[in-house]
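Here is a short report on one protein model. Look over the sequence and the structure, then read on.

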Amino acid sequence: MFQLPSLPAWEALHPGISHFPIAFLLAAPFLILAGIFVTSRRRGLFVMALALMVVGTLGIYLSASTGDEAKRSAPKTPEVQKAVDLHENVGSAARAVFTVLTVLLAALVFAPSLLKRSLGQRANALLAAALLVLYAVAALILVNAAHTGGVLVHTLGVHAKLG
């Protein structure tokens with residue numbers, strides 16, 4: 001008889017879950033950039049970028065939750081603990097920065113409708129460009145969080161328990 005496999009432990013989900021927010025959050029700025037230049041599709045492109053950012057930012061929160069559990073099963077050596085602490089700190093910074101950026105993009109997308117006042121094409125593009133400058137810094141933080149996680153796995157040999 002066919003039987004579905006059991007679900008892995010919560011901490012074992014961290015490596016799989018953590019890759020999705022990275023992909024979504026690194027794709028979103030390309031939609032914002034496209035929206036700056038394709039004015040006829042700007043709102044739609046910004047809404048799609050916002051959707052990726054919301055899902056990606058929520059994914060960081062989920063990844064942090066699974067990471068907190070995975071941390072408990074990591075070896076307690078000083079080198080591993082130092083690397084885990086760094087990964088956790090950089091991940092927390094990424095979570096905070098992307099939370100703020102998501103709120104800022106949501107304000108850019110929805111404030112004109114809520115206030116019943118248009119920003120104008122030029123102001124909208126300038127605000128989006130300013131957001132992209134902040135986004136570049138956030139992306140560096142996110143990539144650093146990913147790199148520190150990679151060091152844990154590929155250099156220090158820390159792997160999540162699957163069962």
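## The second largest pocket

The second largest pocket has 13 lining residues. Nearest its centre are Arg-42, Arg-43, Pro-112, Gln-121 and Asn-124. On a 1 Å grid over the protein atoms alone, a pocket is an open set of points where a 1.4 Å probe fits, with protein on both sides within 12 Å along at least five of seven lines, and lining residues have an atom within 4 Å of a point. About 240 Å³ of space lies in this second largest pocket. A volume is the space filled by probe spheres set on the points, which are joined across faces, edges and corners.

Helices α2, α3 and α4 each supply at least two residues of this lining. The largest share, four residues, comes from α3. By class, the lining of the second largest pocket has five nonpolar, six polar and two charged residues. Here Ala, Val, Leu, Ile, Met, Phe, Trp, Tyr, Cys and Pro count as nonpolar, Asp, Glu, Lys and Arg as charged, and the others, Gly among them, as polar.

## Model and overall fold

This is a predicted model, in which local features need pLDDT of at least 70, side-chain atom pairs count only at pLDDT 80 or more, and totals for chains, interfaces and linings use all residues. Residues are numbered from 1 along each chain as its sequence is written, and side-chain values use heavy atoms, with hydrogens and water left out.

The protein has four helices and zero strands. Its pattern along the sequence is α-α-α-α. Helices (H or I, at least four residues) and strands (E, at least two) are DSSP runs, numbered from the N terminus. The C-alpha trace spans about 55 × 45 × 25 Å along its principal axes.

## The largest pocket

The largest pocket has a volume of about 780 Å³. It is lined by 34 residues. His-14, Ser-18, Ser-63, His-87 and Gly-149 are the closest to its centre. Two or more lining residues come from each of α1 (14-37), α2, α3 and α4 (121-155).

Helix α4 gives the most to this lining, with eight residues. The lining of the largest pocket divides into 16 nonpolar, 13 polar and five charged residues.

## How the helices pack

Two packed helices are described by the angle between their axes and the distance between the axes. Axes are lines fitted to C-alpha atoms, for helices over the stretch in contact, and angles run from 0 to 180 degrees between N-to-C directions. Helices α1 and α2 pack at about 160 degrees, with axes 7 Å apart. That makes α1 roughly antiparallel to α2 (an angle over 145 degrees). Their crossing is left-handed: the near helix is turned anticlockwise from the far one by less than a right angle. The residues of this contact are 20 nonpolar, nine polar and one charged.

Helix α2 (residues 42-72) also meets helix α3 (residues 78-115). Their axes come within 9 Å and cross at roughly 155 degrees. Helices α2 and α3 are therefore roughly antiparallel. Here too α2 passes α3 in a left-handed crossing. The contact of α2 with α3 holds 18 nonpolar, five polar and five charged residues.

## Aromatic pairs

The count comes to two aromatic pairs. Rings of Phe, Tyr and Trp (its six-membered ring) pair if their centres lie within 6.5 Å. The rings of Phe-20 and Phe-24 have centres 6.4 Å apart and planes at 45 degrees, so this pair is tilted (planes under 30 degrees apart count as stacked, over 60 as edge-to-face and the rest as tilted). Phe-20 and Phe-24 are four residues apart in helix α1, so about one helical turn separates them.

Technical notes
Parallel < 35°, antiparallel > 145°, perpendicular 65-115°, else oblique.
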